[in-house]
Amino acid sequence: MKLIGSLPLLGPLFEDTSGQSDIHLAVSLSALVISSSILTAVGLIAGLIPAIRAARLDPVQAIRSE
């Protein structure tokens with residue numbers, strides 16, 4: 001634990017035992033909506049491209065090539 005306490009910026013935070021300098025995380029609603037939208041779009045694109053390519057294949061040719 002001494003290694004973590006010796007970090008230049010976080011050292012005083014880890015040495016404080018009073019509990020007054022806790023790290024509080026605040027996430028805005030707009031950041032949550034934007035990140036969720038981007039992740040949903042990327043997931044849909046990543047799933048649809050292989051599905052569309054697979055739908056264009058002839059099943060007999062796809063089985064024969066394996």
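Mentor: Helices here are DSSP runs of H or I with at least four residues, strands are runs of E with at least two, and both are numbered from the N terminus.
Trainee: Okay! So in what order do the elements of this chain run?
Mentor: From the N terminus on, they go α-α-α-α. That gives four helices and zero strands.
Trainee: What kind of model is it?
Mentor: It's a predicted model, where local features need pLDDT of at least 70 and side-chain atom pairs pLDDT 80 or more, while totals for chains, interfaces and linings use all residues. Residues are numbered from 1 along each chain as its sequence is written, and side-chain values use heavy atoms, leaving out hydrogens and water.
Trainee: How much of the chain is buried?
Mentor: Of its 66 residues, 3% are buried (under 20% relative accessible area; exposed is over 50%, partly exposed in between, with a 1.4 Å probe and protein chains only).
Trainee: Switching topic: where does serine 28 lie?
Mentor: Serine 28 is in the loop that links helix H2 (11-15) with helix H3 (29-56).
Trainee: And why does serine 28 count as partly exposed?
Mentor: Because its relative accessibility is 38%.
Trainee: Which side chain does serine 28 join in a polar contact?
Mentor: That of serine 30, at 3.4 Å (a polar contact pairs N or O atoms within 3.5 Å; within protein, one must be able to donate a hydrogen and the other to accept it, and residues adjacent in sequence count only if both atoms are side-chain atoms). A polar atom of the serine 28 side chain also lies 3.3 Å from the backbone nitrogen of alanine 31.
Trainee: What about valine 33, which helix is that in?
Mentor: Helix H3 holds valine 33. Valine 33 is partly exposed because its relative accessible area is 47%.
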